[in-house]
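Please have the viewer open as you read.

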Amino acid sequence: MDDEEKGKHFLKLIDDQNNIQWQIVAKLTSLISSDWNSEELKTELKKIVENHSEITKELNSLDDKGSIL
């Protein structure tokens, strides 16, 4: 992957990560409102957090030489 492709991919991952962070906040807010009693929200939150972790790992792997792109 050349530097331009890497840069575009990096920006897309950052955007995806930001969207997921907002989803996490929304699910946490709903879960708190349910007094932490919603198993469905807990499951959804777990999946969203796993997606966030995968994106973070991919972002870190793009920086293979220790310099952001």
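Predicted model: local features only at pLDDT ≥ 70, side-chain atom pairs only at ≥ 80, totals over all residues.

Residues are numbered from 1 along each chain as its sequence is written, and side-chain values use heavy atoms, with hydrogens and water left out.

The protein has two helices and zero strands, where helices are DSSP runs of H or I with at least four residues and strands are runs of E with at least two. The box in the table is taken along the principal axes of the C-alpha atoms.

| Property of the protein | Value |
|---|---|
| Radius of gyration | 15 Å |
| C-alpha box | roughly 50 × 15 × 15 Å |
| Accessible surface (Shrake-Rupley, 1.4 Å probe) | about 5200 Å² |

For comparison, a compact globule of 69 residues would have a radius of gyration near 11 Å, by the rule of 2.2 Å times the number of residues to the power 0.38.

Carbon and sulfur atoms hold 53% of the accessible surface. Of the 69 residues, 23% are buried, that is, under 20% relative accessible area with a 1.4 Å probe, counting protein chains only.

Now for the lysine: K6 sits in helix α1, which spans residues 3-33. K6 counts as buried because its relative accessibility is 16%. Its side chain reaches the backbone oxygen of L62 at 3.2 Å.

How values were computed: Buried < 20%, exposed > 50% of the residue type's maximum accessible area, 1.4 Å probe, protein only. Polar contact = N/O pair within 3.5 Å; in protein donor to acceptor, adjacent residues only side chain to side chain.
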